[in-house]
Amino acid sequence: MYNDLGDPDTSVDLKRPVLGGKEHPFPRRCRTGRPRCDTDPLSEKRGSNIYIPRDEAFSETKQVAFSAKTVRSALHIIIPTLEAAIIDEDLGFPNFAAVDSLFNEGIKLPSLKNENKGFLKTLLPRLVKAITNTVDDVLRFEAPETMDRDKFFWFKDEEFARQALAGVNPHSIKLVTEWPLKSKLDPKIYGPQDSAITTELVEREMRGLMTIKEAISQKKLFIIDYHDLFLPYVSKVRQIEGTTLYGSRTLLFLTPDGTLWPLAIELTRPPMDGKPQWKQVFTPCWDSTSVWLWRLAKAHVLAHESSYHQLASHWLRTHCATEPYIIAMNRQLSEMHPIYRLLHPHFRYTMDINALAREILINGGGIFEKSFTPGKYSMELGSLAYDLEWQFNLQALPADLINRGMAIEDPTAPHGLKLTIEDYPYANDGLLLWDSMKEWVSDYVNHYYSNPSLIESDQELQAWWEEIRTVGHGDKKDEPWWPVLKTPKDLIEIITTIVWVTSGHHATVNFGQYTYTGYFPNRPTIARTNMPTEDPSKEAWKTFLKKPEGALLQCFPSQMQATRMMAVMDILSSHSPEEEYIGEKIEPTWAENPVIKAAFERFSGRLMELEGAIDERNANKDLKNRNGAGVVPYELLKPFSPPGVTGKGVPYSISV
């Protein structure tokens, strides 16, 4: 409920004095208590049924080009039009030629109204291409860069593994530190805890390069583990028509050339419907039947990966977790406070875009519930991820890498960290950006808090941090990992963590979405059918053997689910022509102070150097996780970008 700001015009309890007062010594933005006037251009925004305080709404300039309002309008036109064009919600693709036709012939749409047609052409010229010489309107998708470089990229095991380090969700991969793998769930409910991935199987798949003990001691084994998070939802999700779920583990091996190779996928179903636990391990194989089973297992894992990416890495860790910082800032810091002025650019438009998400994306029966594997349990699963995994201190990039075993502290190494995988594009580029931001924040904080005692005596600052911990993230208010706020060093770490989440982290999970999901077989959002080996009937197994391609296509999203998400990802991956990139333009309040102005100019210069460093890395043929035949270079943390779907650019804030 805290994340729902509420409407001060409809509740006396939410009103605040216009000019402050004894109880609230500074004016509280969004809580003025002034009477509502729908004709007043300054009154709170009511473009939808989700309340947005006037201070958090998109500026008029940004609204014209690209805003939550514009996105909302586009989705309200495109989605119903698609649903009218594809009458059968459950109809799958008959063959891969039909998938490819989305980028060639496109989908014939019902006639659009002239005003809608013009609006979509203006906003989404790459997406909606009207056939001007006929009476038909066509939705034809632009081939994403991945597909454009290599049409069969999605089929390859090496690309499947590479994307764990350089794809749209490089936040899940972890180092294996314990063996054998074992679940922590209650065996009385979920069945035996031991993994079916055995020592013998792993050593066989490593082709005799080393033993399992050597692989773990040399830090060569990695895992993407959604087993314990998803397994409690398998029975619930399987009651929803048109989807299915497993708990999953994917084991990867670091090869001598620095790339990853998938060793095994384990899929698990808990005891349910009177049947015992079912689990099976799938590996890359050479015989036809096992090859197709491996491809189907990958499709299930990718559906899990897509769901976790959107619900946890993206929505939870950026959009959702940032709201308490914004609300606390507006309630506790005056607009003249230096920390307010530092943070404000990183919070612009986030409440507005989150209102859009609640209205059309993550709402009950909304786009996500219709398109992702967990269905109506999507938000509940995201809440569980918050409960089990979210810690403020681990949102800092260095701490996150260390926690996942992807780095260790090393004072002699660049950034003070030694990476477990040297060619880890997200971490390599992210640490450069993190250091640049931290240096800027340090210059800013140390200027205003030259005397360390000023931190503890700053009542507004302490109230801001107190509200974040005890109200905004109240479920976790008693956790021991919350940083204290006593010194400038503490404040620098807290602020750097927050601005990293709103800029760098969000850029990595958002602006590569169309690149990697635009051709949906690469990252299907849902798996609709069980594995053919799970309690198969003779007829079902015979059908699989006769036409395994059909089984894979049936497992993939339906035509409606796929095209709906492709359209959404195209829109959400776009940069506005008015995008506000980190370090590009100085804020007026920063420019007023010569010391802060000089610090910002140094920061901006470092970001220009970062652009060049990333270009150099992408040109280095020794870095195989970002360079190679058909490989998309890793540019998601390049600070600046032209408008459109570019796969690069780091805006200040979460504004899309």
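His-415 lies in the loop between strand S8 (407–409) and strand S9 (417–419), and its phi is near 70°, a positive value in a residue other than glycine.

This is a predicted model, in which local features need pLDDT of at least 70 and side-chain atom pairs count only at pLDDT 80 or more, whereas totals for chains, interfaces and linings use all residues. Residues are numbered from 1 along each chain as its sequence is written, and side-chain values use heavy atoms, with hydrogens and water left out.

Helices (H or I, at least four residues) and strands (E, at least two) are DSSP runs numbered from the N terminus, and two strands pair if DSSP finds at least two bridges between them. Five strands form an open sheet with antiparallel pairing, in the order S3-S4-S5-S6-S7. Strands S3 (174–175) and S7 (278–282) stand at the edges with a single partner strand each, so one side of each is left without a neighbour in the sheet. Strand S6 (residues 260–269) is joined to S7 by five bridges, and Glu-266 has Val-281 in S7 as its bridge partner.

Elsewhere, a cis peptide bond joins Trp-179 and Pro-180, with omega about 0°, and Pro-180 sits in the loop between S3 and helix H7 (187–190).
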